[in-house]
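Have the viewer open as you read.

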Amino acid sequence: MKMKLLLINPTISAKERYGKLSSMGTLYPPLGLAYVAAYAEMEGHEVKVIDGEAEGFDINHIVDIAFEFKPDLIGMPTYCTTLNKVYKIAEELKKKINTKIVLGGAQATLNPVKTISNENIDFVIYGEGEITLSHLLKSLKNNHFSEVKGLVFKNNDKIKINKPRELIKNLDSLPMPARHLFPMEKYHSSANLRGRRTINIMTSRGCPYRCAYCAGSLIFGKTFRYHSAKRVIEEIKLLKDKYGTDSIQFYDETFTVNRKRVLELCELMKKEKIDISWSCFTRVNLIDEELLKKMKESGCHLIFYGLESGVQRLLNLIQKDITLEQSREAMRIANKLEVETWVSLMMDLPSETKEESMKNIEFAIEVNPTFVQFPITTPYPGTKLYELALKNGSLKDNWDNFNNWDEVVFVSKGRSEEEIKETVKAAYRKFYLRPSYIIQRI
């Protein structure tokens, strides 16, 4: 039976997300929603998407669009930073439309019972959403939800948690993300990426590592699944032909987990004469000179490393499972091959002292990346880092402020919010205002 599905990405402004760096921030189509939308379309349902973040719509506008569309089901993604916005949208929708509402995404997966406890939420999907949402749409006809794996629902005011759904083994079985449902002309990359038209693409899911600040392993387990090289090439060609894409940002959590598949993809990109500039995210212990050389030959111009700290004690604390020497070697290779680097060094990790924060700055200058960011530590609920923060300082409980660009939501013992902000300002000044750096960039 054909159903009408409305997917809503809640409105959050660039100022809310990036603070003072909003002019440099990224705005990409949310691929999670795009995959879910594509699967529902493949199953024969009518799907509409409202990307409030890209469109800048207020709640009233979103409700008006929903009222006109008259969906059978409304779905929204959740993160701790957007949960209150999602609840507010749900509240306004329920005043005007008698439609069921389902939530998915990171926060729904990490804490499904708390997420569904809001009176305006009917269902929560935990884990991967494509198949579960499809089964939920089919179950709306008879209101029999107990057999839908990965679903949490309410039954006579009681919360029922169904069995988890198995992860999708063959990612190539999924249709291409439904970017045609999104306002593609509204999206843009960060200011330091090449290309006039950069688009994000996800070629894998999961990460086998255990970083304390990341919820990925809590959602997907320590798995790593990926699209075939042929499928990735098909998607890149589609982006070039349909949207004029001249640059790709691979949005995989850790792009080079499987060295063999990256080499295969690089060779196929050259063989197919893809001729596109691209960037990716990975770890310093998953790169070597031969691999990076092949990546550069196929178009890689920038690689993002989460160095996270210039202090080994803190790297061990957050379970990063890398050494400072591995960071130095990865940066040496990239600098030698003239591949641009963009690194992150978190400031004010739990128990971090001001002296250790200053070592972060010294380390950044030593390894000399093309770009560096010093995000203020944000311990997201559900992560190991959140537990460490509770033990090692004071943590604000307003999740709306949990963006890691301007807001200080956690303060280690012995430090103050003002001192942390000043240290971060000093970090940017000391790194970017060096005469040697300025000359190099010119």
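Tyr28, Tyr251, Phe281, Phe304 and Trp342 are joined into a cluster by ring pairs. A pair here means rings of Phe, Tyr or Trp (its six-membered ring) with centres within 6.5 Å; planes under 30 degrees apart are stacked, over 60 edge-to-face, and the rest tilted. This is a predicted model, so to speak of local features takes a pLDDT of at least 70, side-chain atom pairs count only at pLDDT 80 or more, and totals for chains, interfaces and linings use all residues. Residues are numbered from 1 along each chain as its sequence is written, and side-chain values use heavy atoms, with hydrogens and water left out.

By the ring rule, the count is 15 aromatic pairs. One of them, phenylalanine 224 with tyrosine 226, is tilted, at 5.8 Å centre to centre and 40° between the planes. Phenylalanine 224 is buried at 18% relative accessibility, while tyrosine 226, at 34%, is partly exposed (buried is under 20% relative accessible area, exposed over 50%, partly exposed in between, using a 1.4 Å probe and protein chains only). Phenylalanine 250 and phenylalanine 255 are stacked, because their ring centres are 4.7 Å apart and their planes at 25°. Phenylalanine 250 is buried at 0%, and phenylalanine 255 is buried at 1%.

## Arginines over tyrosines

Two tyrosine rings have a charge over the face, meaning NZ of Lys or CZ of Arg within 6 Å of the ring centre and within 35 degrees of the ring normal. Arginine 283 sits over tyrosine 209 at 3.7 Å from the ring centre. Arginine 205 covers the face of tyrosine 35 at 5.0 Å.

## Two helices

Helix α4 (residues 59-69) has Ile62, Val63, Ile65, Ala66 and Phe69 buried; helices (H or I, at least four residues) and strands (E, at least two) are DSSP runs numbered from the N terminus. Down the axis, the buried residues of α4 fall within an arc of 160°, so they line one face of the helix; the arc is that of the directions from the helix axis to the C-beta atoms. Their cover includes β1 (4-9), β2 (46-51) and α5 (83-96), whereas Asn60 and Glu68 are exposed on the other side of α4. Just after α4, lysine 70 takes a positive phi of about 55°.

Helix α8 (residues 130-139) is largely enclosed by the rest of the structure, because seven of its ten residues are buried. Among them are Leu133, Leu136 and Leu137.

## A buried loop alanine

Alanine 212 is in the loop between β9 (204-205) and α9 (216-220), and it is buried at 1% relative accessible area. What does alanine 212 touch? Leaving out residues up to four places away in sequence, its contacts (heavy atoms within 4.5 Å) are Ile318, Gln319, Thr383, Lys384, Leu385 and Leu388.
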